[in-house]
Amino acid sequence: MPASTPRPHVMALLFDTDFNRPSGTRTFRHLDGRPFTDEEQALADDATLEELQAAGVHVHNPEAGAEAEAASLVLAELLLKYAVQHHKALAALMTDEDLIDYDRLVTTVAAGADGFRPREG
């Protein structure tokens, strides 16, 4: 059963861990580059969510990633609806380079989306 409070020896190990592992490996390294021993690796693998969070480690949550991706698409559609309708107001705020990109992208998107036709004006 996981500990309810961070264990000092686990915390010490986590604070000395380089979490950027080479792809294809599950072995962590110390900040000085030494690979973890089998014992250290087992200890890191056994770290609780609370210990990882206490060490400031970002824990990957696939569900949160999928939710964020879905939300970003909905947000983009929502913003696009207003951006296309209020082209003149946005154009006044954009740099010349952004305006060129905006016009190119909105034309492409509008060509494939019936609800997003740019207003003339």
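Let's start with a pair of charged side chains: Arg-7 and Asp-46 meet in a salt bridge, 3.4 Å from N to O. Arg-7 sits in the segment before helix H1 (8-15), while Asp-46 is in the loop between helix H2 (38-45) and helix H3 (49-54), so this pair ties together parts that are 39 residues apart in sequence. Keep in mind that the model you're looking at is predicted.

## Salt bridges

Arg-7 has another partner too: its side chain meets that of Glu-51 in a salt bridge of 2.7 Å, N to O. This pair also links distant parts of the chain, with Glu-51 in helix H3 and Arg-7 in the segment before H1, 44 residues apart.

How many salt bridges does a search of the whole structure find? It finds four.

| Pair | Distance (N to O) |
|---|---|
| Arg-7 and Asp-46 | 3.4 Å |
| Glu-51 and Arg-7 | 2.7 Å |
| Asp-32 and Arg-34 | 2.9 Å |

Is Glu-51 buried or exposed? With a relative accessible area of 0%, Glu-51 is buried, because the cut-off for buried is under 20%. Arg-7 comes in at 18%, so by that cut-off it is buried as well. Asp-46 is partly exposed, at 47%.

Now for the pair in the last row of the table. Asp-32 has a relative accessible area of 54%, so it is exposed, given that exposed means over 50%. Arg-34, at 43% relative accessibility, counts as partly exposed. Salt bridges that share partners join Arg-7, Asp-46 and Glu-51 into one network.

## Nonpolar cores

In soluble globular proteins, nonpolar side chains tend to be buried together. Which residues make up the largest nonpolar core here? There are seven of them: Val-10, Met-11, Leu-14, Ala-47, Leu-52, Ala-55 and Val-57. H1 gives the most to this core, with three residues.

Take a look at Met-11 in particular. Leaving aside neighbours within four places in sequence, Met-11 is in contact with Pro-6, Glu-51, Ala-54 and Ala-55. There's also a second, separate core of five residues, which includes Leu-80, Ala-83, Tyr-102 and Val-106.

## Helix H6

Two residues of that second core, Tyr-102 and Val-106, turn up again in helix H6, where they are buried along with Ala-110. Seen down the axis of H6, the buried residues fall within an arc of 45 degrees, so they line one face of the helix. Why can that happen in a helix? An α-helix has 3.6 residues a turn, so residues three or four places apart point the same way.

And what does the face turned away from the buried side of H6 carry? You'll find the exposed residues Glu-97, Ile-100, Thr-108 and Ala-111 there.

## Aromatic rings

The structure holds two aromatic pairs. In one of them, Phe-19 and Phe-28 are edge-to-face, at 5.2 Å centre to centre and with 70 degrees between the planes. The rings of Phe-28 and Phe-36 have centres 6.0 Å apart and planes at 55 degrees, so that pair is tilted.

Both Phe-28 and Phe-36 are buried, with Phe-28 at 9% relative accessibility. Phe-19 is partly exposed, at 29%. Together, Phe-19, Phe-28 and Phe-36 form one aromatic cluster.

How values were computed. Residues are numbered from 1 along each chain as its sequence is written. This is a predicted model: local features need pLDDT of at least 70, side-chain atom pairs count only at pLDDT 80 or more; totals for chains, interfaces and linings use all residues. Side-chain values use heavy atoms; hydrogens and water are left out. Buried means under 20% relative accessible area, exposed over 50%, partly exposed in between (1.4 Å probe, protein chains only). Helices (H or I, at least four residues) and strands (E, at least two) are DSSP runs, numbered from the N terminus. The arc is that of the directions from the helix axis to the C-beta atoms. A nonpolar core is a set of buried Ala, Val, Leu, Ile, Met, Phe, Trp, Tyr and Cys residues joined through side-chain atoms within 4.5 Å. Contact means heavy atoms within 4.5 Å. Rings of Phe, Tyr and Trp (its six-membered ring) pair if their centres lie within 6.5 Å; planes under 30 degrees apart count as stacked, over 60 as edge-to-face and the rest as tilted.
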